[in-house]
Amino acid sequence: MADDDSLASGYPVTPDGRYLVVRGRLWRRSDPHLPDHERARLVAELMSARRAKGVAIRAGDPAARAAARARVEAAKVALGERGPVWWTDGTPDLNRHMVANTSYSAWFTSTGNGDAG
């Protein structure tokens, strides 16, 4: 399930393709089963929502900021990066965990990307 190359956006990807490792922390990847057109639509919505959040922050508009944050969250859940996991083998979600504290620790250290902790 992992990408042909073991990096996505320059970050190591776990062997099972579920997470990126950024500064020693696991971040859940998007659901690889999403059709390309749906993924593109959701990524466009995520970027639009992030821009709207920035505009709201600069404008000092807490209501618009809250609405934009809700859009960001909804897009991330739809992409599979948050909310219920997209895999079905019962493995728990380790999103935002430090890789050193997970079963991926030995793998990460073996990649030569530095200390897992």
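**Reading salt bridges and a helix**

Modeller: D16, at 23% relative accessibility, counts as partly exposed. The terms work as follows: buried means under 20% relative accessible area, exposed means over 50%, and partly exposed lies in between, with a 1.4 Å probe and protein chains only. This is a predicted model, in which local features need pLDDT of at least 70 and side-chain atom pairs count only at pLDDT 80 or more, while totals for chains, interfaces and linings use all residues. Residues are numbered from 1 along each chain as its sequence is written, and side-chain values use heavy atoms, with hydrogens and water left out.

Colleague: With which residue does D16 form a salt bridge?

Modeller: Side chains of opposite charge can pair when their charged atoms come close. A salt bridge is a side-chain nitrogen of Lys or Arg within 4 Å of a carboxyl oxygen of Asp or Glu. The partner of D16 is R18, and the closest N and O atoms are 3.9 Å apart. R18 counts as buried, at 8% relative accessibility.

Colleague: How many salt bridges does this rule give?

Modeller: The count comes to seven. Among them is the pair R28 and D93, whose closest N and O atoms are 2.6 Å apart. R28 lies in strand β4 (residues 25–28) and D93 in the loop between α2 and α3 (105–110), so this pair ties together parts that are 65 residues apart in sequence. Helices (H or I, at least four residues) and strands (E, at least two) are DSSP runs, numbered from the N terminus. R28 is buried at 6% relative accessibility, whereas D93 is partly exposed at 29%.

Colleague: Which residue forms a salt bridge with K76?

Modeller: That residue is E81, with the closest N and O atoms 2.5 Å apart. Both partners are buried: E81 has a relative accessible area of 16%, and K76 has 10% relative accessibility. Elsewhere, salt bridges that share partners join D16, R18 and D89 into one network.

Colleague: Which residues of α2 are buried?

Modeller: An α-helix has 3.6 residues a turn, so residues three or four places apart point the same way. In α2, the buried residues are A68, V72, A75, K76 and L79. They cover an arc of only 100° around the axis, which puts them on the same side of α2; the arc is that of the directions from the helix axis to the C-beta atoms. The face turned away from this buried side carries the exposed residues P62 and A63.
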